Amino acid sequence: MPTNFTVVPVKDSSGKASERIEEDDGDENDESRENEDAAGDGVPKENSPFINNTDNDKSSSYDGTNMALFEEEMDSNPMVSSLLDKLANYTNLTQGAQEHEEADDDEGSKKKAIKSPQMGTFMGVYLPCLQNILGVILFLRLTWIVGTAGILESLAIVGLCCSCTMLTAISMSAIATNGVVPAGGSYYMISRSLGPEFGGAVGLCFYLGTTFAGSMYILGTIEILLTYIVPKAAIFVAEKKEDQGDALLNNMRVYGTCCLTLMSVVVFVGVKYVNKLALVFLACVILSILAIYAGVIKTIFEPPDFPVCMLGNRTLQNHNFDKCLKMDMVDNVTATTQLWKLFCNGPDFNATCDEYFLNNNVTQIQGIPGLTSGVISENMWSEYGPLGMLVENKKLSSVGGSDPTQDIDLPYVVNDIASFFTLLVGIYFPSVTGIMAGSNRSGDLRDAQRSIPVGTILAIFTTSIIYFTCVVLFGACIEGVLLRDKFGDSVKGNLVIGTLSWPSPWVIVIGSFFSCCGAGLQSLTGAPRLLQAIARDGIVPFLQVFGHGKANGEPTWALLLTAGICEIGILIASLDAVAPILSMFFLMCYLFVNLACAVQTLLRTPNWRPRFKYYHWALSFLGMSLCLALMFISSWYYAIVAMVIAGCIYKYIEYRGAEKEWGDGIRGLSLNAARFALIRLEEAPPHTKNWRPQCLVLLNLDSDQAVKHPRLLSFTSQLKAGKGLTIVGNVLEGTFLTKEAEAKKAEQNIKSSMTAERTKGFCHVVVSSNLRDGVSHLIQSAGLGGMKHNTVLMAWPGTWKQSNDPQSWRNFIETVRETTSAHQALLVAKNVDSFPTNQDRLGEGTIDVWWVVHDGGLLMLLPFLLRQHKVWRKCKMRIFTVAQMDDNSIQMKKDLQTFLYHLRLNAEVEVVEMHDNDISAFTYEKTLVMEQRSQMLKQMQLSKTEREREAQLIHDRNTASRASMNDKSEAVPDRVHMTWTKDKLFTERNRNRECNSNVAMRDLFNMKPNQTNVRRMHTAIKLNEVVVNKSQGAHLVLLNMPGPPKNRGGDENYMEFLEVLLEGLNRVLLVRGGGREVITIYS
């Protein structure tokens, strides 16, 4: 069939149409920035071209006729042409410093058009990662690590850490290329992959890691300044050698605080200055590394002259003497040197000197023997030692003198901390962090999905080569004693790595100084924005204040908090102590990046389609395991503290945080785990030992869809104690098409009540043509697979007598019958509104169990479960059982006590004897009143007014019969004397009644009670007397619920029997078993 289509020409993108789109997009971007906080998602608000978008341009509705079939859906489902047009013009703006910088420049004027991101892989990812990875540890600690751990173990440390970051980068690349990544970096990836709980916990850990990294860089800056640039600037100067460590720490605290304040002011005044200086800092890093390699090459031909003075095999601090000699010729006269004065109590030859100084010669060795010297073989193995251990060269001879531990105060080079392998791992790991720098700039990249994987992996590969080669070259060029000299004391306070560089040590000193300054500034710039992103997401309520800032968006409050936390690291004052702390937080972040990739890969969710294909769940799992291992290798106690912090944040977000649905992998993992568990549960019904009440709670709602009996939910939570399945069900009468809004409102109200009553479970609202069928559907179909309810909990219909509609109590009885047919237990709570709330604490009292018939042991189990909850914890359990005439009550009590002992239940036992006595006249009277009322309501088609009068008359007669009960004989009366007469009844009736109705009423007065009903009423009255006598003061009475009659004609009589049975009792729980044993004596 031919169809006419109109071809619409599309204008070129350079035409006017594209200009109009740019203007519209600019306006929409302005609105999105204004409403960013209202979104509450913390994600840059996007002009989504997909369905469910309420911001579609209404003026672009389709006016043609070719697609008239779909015209009613145009508002919610866009045309493919408009979808593709919007996708082609989609821009992803960074929410970082770029906008803030522009806001500063504009100063209230109209904002200039936002340019599309133009940064490529090299400038946008590779160089930032390179700058963040190479830093303070390389310049200040790598030589010491190589000298202490040896080349082999240093290579192992570098290999472990670089493998960890490489595996993490592979996982990160897969996540970053799975769709458009808004600016937000690792926090965005983790939170959207693992959910708000994990995202918030790991995001805050990453924030703390970045903040402590700022502390580390500032401490590195001050260490370079005070140790290598201007040592005389120290405020605290130690008079004794043993006080030098404390003096250095105090100087670090003072200067570090000043430096932190200065950097915070710079960041506060304008981030644009930090961004503009980034290239300068990067140039310093690159020039420093090139100077190291140039120096290594130069050592082949001409090693630099940095002599190290040795006394015996001990290394001397070369600060206070010029010549490495004990005695020197001065004007042809032998004289003592400055070195002599350091070990002797005077310059004279007969002065008292240190024994080791007298017994050993002073020698001088080259600190940088060169690449071809063969020193590499001596530096292969580790030289770990305790705090205060002397740095010695084992090749040199040494004549023993005094105890080496007593010589710490002399000018020897000693270990300032105890060294061991795991400590070095924690100190080194920060030198491989910074791999997230590219993903943090994803909003500035031209093609983030290509640039992030390529740039990050290339940067890690490059830095790994640099680290591996530096380890080998340092071990091959530098003498071991100089490598282990952390602060360069043996070479007149020069930076050890600077002695190797060319053309001058100052190249490394100045380069590393500016590198540390730049890294500290960038940490103080990035950490507040990360905290601001977390705060704006709204998942951690107490962080909301940190989402605000200056008018241009600068995170002022977040900067203050960051500076405060950074100050904690500075007060620690030791670079070696701060490094393992930030290692923990970064490792935890990397661990969850790997976990996110592994979870998404294993779940095979339809949305998991990364463009980066070189990943595998096994690699992610290996990376995750390596991160966890490195955490405990570095410092097990720091690892535990970091995990506890993350766990506390996780639980806080879970209970108090805002609910977010980000389509995260943990939800998918939960679904898969639930599916697997449900399939396993289908294999067989639960064993008696595993049986617990899985409740279907039937709630009633009023006309406003509010819950009538919220205490029913409280009782459910007390009975369940958070365990097992709870389904809260309700039935609305009508059709789903007309009651959809009411059903949603009812579901929301029920969920609110469940939250208020702390009831964990599911809500299920059913719309049915009538209540009876709706309840039946719930009982049959609620739950899924093996997770179906086995117990139905409902409230007693207390107003069934006053109800105008007999269907209310008929529905109740039919529910009892259906639960019995479905082999489900039934719990009916009378006076449920008087039950305790979850905040109540019942004092000492009892929970009384009246065990009349055995129906599976549920009566025994329920009090035990209730007493697990703090509301009922102080209550004692009492069990009453009924003995007949032929029963041995004493033996019954012993047997019951033995049975309870085997059940491991603590309860008082009492046997109540109920002898067969004559049926009282009151029983006959009550039975007769019951039957008369039932027959009257069946035979007479009464109006509403007449039915109320009829009920009142019967109530009056019932009251009179109670008063005269003691005066009547116990014989069955031949005639019933009514308090009303036939004439009085006739006056109450309509004049137009037919004659047969009069005959029916005449028969009503002459009827006699049914003997079966008389016996049942007798049982109800006698049992009620006994229960009221024994248990009227109990906190709760549990009682066997008799089953309804098989003949449906006696349903109303059944309700009367239950009413009599429960009369005079406050809190009663009628229990009807499900036809199976639920408690066992076996283990």
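Reply: C517 has a relative accessible area of 13% and is therefore buried, where buried means under 20% relative accessible area, exposed over 50% and partly exposed in between, with a 1.4 Å probe and protein chains only. C648, with a relative accessible area of 49%, is partly exposed. This is a predicted model, in which local features need pLDDT of at least 70 and side-chain atom pairs count only at pLDDT 80 or more, while totals for chains, interfaces and linings use all residues. Residues are numbered from 1 along each chain as its sequence is written, and side-chain values use heavy atoms, with hydrogens and water left out.

Taking a disulfide as a pair of cysteine sulfur atoms within 2.5 Å, the count comes to 2. One of these joins C309 to C324, with an S to S distance of 1.9 Å, and it links distant parts of the chain, since C309 lies in strand β1 (residues 307–311) and C324, 15 residues apart from it, in the loop between β2 (314–315) and β3 (327–330); strands here are DSSP runs of E with at least two residues, numbered from the N terminus. The link of C309 and C324 is right-handed, with 80° about the S-S bond, and both cysteines are buried.

A disulfide also joins C344 to C353, at 1.7 Å from S to S; the torsion about its S-S bond is about 110°, so this disulfide is right-handed. Both C344 and C353 are buried. With the bonded cysteines numbered in sequence order, the pairing is 1-2, 3-4. C517, by contrast, is in no disulfide, and the nearest cysteine sulfur, that of C259, is 5.7 Å away.

Methods. Helices (H or I, at least four residues) and strands (E, at least two) are DSSP runs, numbered from the N terminus.
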